[in-house]
Amino acid sequence: MPLGLILGIGRAFRRKRTSSLDILSSKRAPRDYYKGKNCKSTGFHTRKGGYVVMQEKLPNYVVPDLTDFKLKPYVSQCPTEVKTAEAAESAK
């Protein structure tokens, strides 16, 4: 009997360590925790179930003028080797 009591006290003090790498999910968090999809909201919900989009919360992309630009927008998945003067000098 005393040995079982001592082992029970030992088990109570020995806790599983939580890893800092453990991912916090809605199942491991408090009841009102909502993780979401790692994106910012673009507005707010109304009392009647609607959604109002706020213009200042929408992303604003600034694209420069690319007329007369030498490079093409496509980057190949399988590039071919191109010998340049710089590569030839570094190989020597």
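1. Nonpolar surface patch. In this predicted model, a nonpolar patch on the surface is formed by Tyr61, Val63, Leu66, Phe69 and Leu71. Together, these five side chains' residues account for about 650 Å² of accessible area.

2. Tyr61 within the patch. Tyr61, one of the patch residues, is located in the loop that runs between β2 (51–53) and α2 (85–91). The relative accessible area of Tyr61 is 70%; because the threshold for an exposed residue is over 50%, Tyr61 is classed as exposed.

3. Backbone at Asp68. The loop between β2 and α2 also holds Asp68. Asp68 is not a glycine, yet its phi is positive, at about 60 degrees. Most residues other than glycine have a negative phi.

4. Exposure of Asp68. Is Asp68 buried or exposed? Its relative accessibility is 82%, and since exposed means over 50%, Asp68 counts as exposed.

5. Secondary structure. Two helices and two strands are present in the protein. Their order along the sequence is α-β-β-α. The loop that contains Tyr61 lies between β2 and α2 in this pattern.

6. Burial and overall surface. Of the 92 residues in the protein, 2% are buried, where buried means under 20% relative accessible area. The accessible surface of the protein totals about 10600 Å². Carbon and sulfur atoms contribute 58% of that surface.

How values were computed: Residues numbered from 1 in each chain as written. Predicted model: local features only at pLDDT ≥ 70, side-chain atom pairs only at ≥ 80, totals over all residues. Heavy atoms only, no water. Patch = residues over 30% accessible without salt bridge, like charges linked within 9 Å, V, L, I, M, F, W, Y side chains within 5 Å. Areas by Shrake-Rupley, 256 points an atom, 1.4 Å probe, with all protein chains shown as cover. Salt bridge = Lys/Arg side-chain N within 4 Å of Asp/Glu carboxyl O. Helix = DSSP H or I, 4+ residues; strand = E, 2+ residues; numbered from the N terminus. Buried < 20%, exposed > 50% of the residue type's maximum accessible area, 1.4 Å probe, protein only.
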